[in-house]
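Please read the following note beside the sequence and the model. The points are numbered so that each may be checked in turn.

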Amino acid sequence: MKLRAWLSGTAMVAMASLLTSVGQAKDFDGVTVNVMTFTGPQIAEPLQRRGPDFEALTGAKINVITVPFSDLYTKLLTDWASGTNSIDAAVFAPQWMVDYVGPGYLEDLTDWAAADTALQADDIAPFFREFSQTYNGRTYLLTLDGDFQMVYYRTDLFAEAGLTAPATWDDYLNAAKTLHGKDMNGDGQGDYGSCIAKKRNAQSYWMITSVAGGFIQAKGTSEGVFFDSASMAPLVNNEAFGAALDVYTATTQYGPPDEINLDVGDTRSLFTTGRCALTLDWGDIGTLAIDPENSKVIDKVGSVMLPGSKKVLDRASGKLVDCDANTCPHAIDGVNRAPFAAFGGWSGGINKAADAKVKQAAYAFFSYMSQPAQSNVDVTIGKTGFNPYRISQFDKIDQWTKAGMSEAAAKDYLGAIKASLDSPNMVLDLRIPKNQAYQQVVLDTAIARLLAGEIDKTAAMQAIEAGWNELNEDEGVDEQLGFYKATLGQK
Amino acid sequence: MRLSAWADRQAAAVMILPAVLILLAFSLFPLLASAYLALSRFSLAAGGYKIRFVGTRNFAKLLIGSEQFHFLGTFGRLSVLDYLILGLAVASCGYGLWRYLAGGRAGLLGLAGRLIAGLLALALLALALIVLNAPGFPGSLVVTLVYVVAGVALQFALGLGLALLCAQPLKGRNFFRIVFFIPLMVTPVGIAYAFRMLADMGKGPFAPIWQLFGLAQFSWASDPWSARLVVMIGDAWQWTPFLFLVLLAAIENQPRDQVEAARIDGASSFQIFRDITWPAIAPVAATVVLIRLIEAFKIIDLPNVLTNGGPGIATESLTLHAFIAWRTQDLGASAAVGYSLLFVATVTCVAFFNLVAQRTRRHEA
Amino acid sequence: MTPARSLHQRLLEPADVGAMAPLAKLACYGLLGLWTIVVLFPLYWLLVTSVKLPIHVDAGPVYLPFVDFMPSGHAWRYIFVELGNDTLRPYLNSVIIALGSTALAVLFGSLAAYALVRIQYRVTVGSILAFILILAGVVAAAWRFGVPWPLATAIGLALFLLFLGSLNRHLKQALGNNDILFWMISNRIMPPVVAVLPIYIMFQQLKLLDTHLGLIITYMAVNLPIVVWLMRDFFAAIPVDLEESAQIDGASKLRILFTIVLPLARAGLVACTLLVLILAWNEYLLALFLSTADAQTLPILVAAQNATRGPQWWYMSVLIVIMIAPVILITVLLQRFIAQGILVGAVKG
């Protein structure tokens, strides 16, 4: 580790000349950049690790300030909205961008990025370059991490039981049921069929959307999964969402007893210590599973695009209908699959109100983090939390085998990511104003209450629908509809 | 020299004004501003924020609107027993009021205070009964009351029991005092994390014990009451020693000669406790319970760290509720929840002070 | 007296009045010991976890370093070496803020407490009513109608002084020292979550957000009631004749307080300071709202360890241990004062 850091450090001295488009080496002497993100090691770790290298290179000191994930959105918003401006730059979810760009807190990076050859923007996968980093056609963020949800399964257990990678959620449930209770790590105790992070106020609202996507969206990315794009009516009180809730609650039977109190950190640790047959997660599992220090499932992990459904929502009637060429144009083998670009990947944005010099230093830092020399190493290390998002990262298998992945596993893992990325039926995360209130409060609370048995499925669907409608009315239905259609690329 | 002379002449003002001004700035101003915030809608706008007056909408949402389940709870059905309990409570409140009026020393302020406290107590009791019954489910208000009432009662019982047993001349008492003081020094966030580690059924230190009892598949975090219990245990760990130490000191101060005389007369331990010890420590007990009541209403760190308020909303306290609302920029709702908490806490504490704490002092006099 | 006592008697009855029977003594020690374990075990677990590797935590519990597992300093190294400044900065912030706010709270609190013991105040109901009404007016004017707040405050102050005289004539009922004391203490009832939003907005106007000064002032304000409450009892216990003779010698009130009274109330002062210091050191909610980067305190850092990769128990334990250690050290050093200080104060209520 140390050696590698040192090597990349010396490599960077050579890279320094490439940074000249933004500033000369040692150009930022005496400049301090406060960068906020959530608590490490993930995301914060690479920033903290590479900060001193960057300082040696340019003179700019990087202060990494961390807050709990659940406070990050508000901390940034209040700091910038109140004019405190303690935070010069931040690494956060592109999903929140709309709330920051609207009032004008974020610096427009379009021209800087265009002039920055070292960034190698063409190497960034189009989804991130054109959707994730931009708002209204302007670039406000630099992607540092690619995020998709996928399903991971234990290849050894699946082969043993004669199962194949799940294509539908019924397959998923079936596999979880078959394998639940088997000893999966050789300690003589029964382990779990499926581990999904279902803790409240954590990540569970992305999980339910991952399940629901395949039931609700069939006609391509621009159809959208959250609202009807004609009326802004929430798509949560219908047979399709109900079917997704059924799947979601059914997985609990095959999960750990305290699954309802687990966040992704807990489920990742369970999966990599060999205690689960299936899990639903971002790309992190792929790299965490090859970490020899903590993983007991090295080379036993398969990854696959999110499963789908053979029946999809008919938006007019709210009923589920069978897949055919008409209803599911993108179906594969009669199964409609909709990979979910949950969260959209950690990205760096810069406070417009910061000093010019500080802004330049912050941009140089993000560009430095994203350049292949750094990024292509970081995405292969589990604890960085960075997942691949550059085309060169998919093509160069040797980076991954060097990091400890077998060639087969690397192909499988990168293949699943690439398949999701290439899918025309990708589900986009919600990017309308107040999306935190829609997802983190209304959706999350209703799902938590459903799982806790406080309310039943019907009541949960009604609660989400009522809550979202109320928010729509508060913010203005037409305004929200406009934003929603804009994020989907609809006119 | 002249300045100090002036300061001395104005000593009365100079000495108390700083404290008064600070408290005014940090209590009266926030109180008024918060009230306004609770009646408005906050939204971000270009270059800052907008605050729009919406009247009682935020409160309506909590009491009868879409957030009712969250604040008050989901209503269940009342059984005959519950009606009996309620009836009894109404009757005893009425009797108390009648005695107060008949006592001949009733004042307008006292009457108003008693009416408010009585009505609030009855309303909260009724609410607790309704939401704790079968199809019902408590919201953050009742959950907070459970933490306050059951939590403080548990801590008081434990603290008093330990103090009584140990109010004997023992060597090394100072050592125990220092040790028992430690939990008070640990940051509540730290306690919450420590208890999350301890309560982990698979990785915690008690995991072998759970397995021995066949409880490895049980999860305290999935059951509302066991989750609340774990929160209360963490709270008790921090605060029981405080009650213990103070009550122990009070017991040591009780009239020794009376106790000895009673013992020579052959009084039983229970009699001594009832007739001598209890009256002697009652004022202290009341004060220390009041201190705990005041702080207990503010609980947030433990449920936030242990369960994030889950399962469902089962462990969410009012402060956590307000905090979550703040986190999504719903400042109006946050202030409305906070204000409701302030109202309940103030009435409870003032009523306790006037009706219980003051009375124990009158005995003393 | 009774030379022949049976074994049964010797065990169950005290040797003389005021002493304890051996069995009862044993039971007491047993219970005290049990509670000591209850108190110390979580702390022990933190200490042990801080030297565990992730694998030691994930694979189920191990209890004794060197016996069950080989301790590792990796978490300590991470926190102190790799994070270095990112740990040190919040630590220093916490030290500055806790010490600063405690010093101010004790100073102003003691002044007020002494005044309430030795000086009789009369505050008329009229002046209070006028004050509240005018304050509400100022807030409304500044907020709703966009009057600049310094102007609104100035007008409000002028109006208050103007109306004070006439109102005092009409509403003569007055509040005394006990009412003032009760008002001060009652501030503690206010949940921080109610106060923090307006404080946030106030600090934004005064440019105090995310500054040490902002948090020092806030902590001073929330802890002031406790100081007044506790110190009042200590001052009341000091015989008044000492001060009277000093007064005859021409010493001023403030001088009497600092040279005679405070030294006499030393035990209470130390205990009270310690209590306030601990409260400020551990405070979480207000810091979460009012600090972002420059003034971030330790509890925020601890809370932030719950990362998406799962709670990092080992790092968290290190942070909690280094948070508790100095406070425990101070307490042990000052234990003499605590035993007589806090307890006496609390007992007097």
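This is a predicted model: local features need pLDDT of at least 70, side-chain atom pairs count only at pLDDT 80 or more; totals for chains, interfaces and linings use all residues.

1. Domain bounds in this note come from an automatic or database domain assignment. For chain A, that assignment gives domain 1 (2–143 + 347–384) and domain 2 (150–341 + 415–428).

2. Residues are numbered from 1 along each chain as its sequence is written, chains are lettered from A and ligands numbered from 1 in the order in which they are written, and side-chain values use heavy atoms, with hydrogens and water left out.

3. How far apart do the C-alpha centres of domain 1 of chain A and domain 2 of chain A lie? The separation is 31 Å. Contact (heavy atoms within 4.5 Å) involves 12 residues of domain 1 of chain A and 10 residues of domain 2 of chain A. Buried area is the accessible area, taken with a 1.4 Å probe, that two parts lose on being put together, summed over both. Between domain 1 of chain A and domain 2 of chain A it is about 820 Å², with 69% on carbon and sulfur atoms.

4. Two further terms describe what may cross such a boundary. A salt bridge is a side-chain nitrogen of Lys or Arg within 4 Å of a carboxyl oxygen of Asp or Glu. A polar contact is a pair of N or O atoms within 3.5 Å; within protein, one must be able to donate a hydrogen and the other to accept it, and residues adjacent in sequence count only if both atoms are side-chain atoms. Between domain 1 of chain A and domain 2 of chain A there are zero salt bridges and zero residue pairs in polar contact (both at pLDDT 80 or more).

5. Chain B is assigned domain 1 (76–135) and domain 2 (138–364). The centres of domain 1 of chain B and domain 2 of chain B, taken over C-alpha atoms, are separated by 25 Å. In their contact, domain 1 of chain B provides nine residues and domain 2 of chain B provides 11 residues. Domain 1 of chain B and domain 2 of chain B bury about 840 Å², and carbon and sulfur atoms give 88% of this area. Of the area that domain 1 of chain B buries against domain 2 of chain B, 47% is supplied by L120(B), L124(B) and L132(B), more than by any other three residues.

6. Chain C is divided into domain 1 (49–82), domain 2 (84–120 + 191–310 + 323–348) and domain 3 (122–175). Taken over C-alpha atoms, the centres of domain 1 of chain C and domain 2 of chain C are 36 Å apart.

7. The interfaces between chains come next. The size of an interface is often given as the accessible area lost when the parts come together. For chain B and chain C this area is about 9,200 Å², 82% of it from carbon and sulfur atoms. The contact takes 100 residues from chain B and 103 residues from chain C. Which residues form the one salt bridge between chain B and chain C? E295(B) pairs with R188(C), and their closest N and O atoms are 3.0 Å apart. Nine residue pairs between chain B and chain C are in polar contact (both at pLDDT 80 or more).

8. Chain A and chain C bury about 2,700 Å² between them, 50% of it on carbon and sulfur atoms. Here 36 residues from chain A and 31 residues from chain C take part in the contact. Across the interface of chain A and chain C there are zero salt bridges, while seven residue pairs are in polar contact (both at pLDDT 80 or more).

9. The last point concerns rings. Rings of Phe, Tyr and Trp (its six-membered ring) pair if their centres lie within 6.5 Å; planes under 30 degrees apart count as stacked, over 60 as edge-to-face and the rest as tilted. Over all chains, 48 aromatic pairs are found. The ring centres of F92(A) and W96(A) are 6.4 Å apart and their planes are at 5 degrees, so this pair is stacked.
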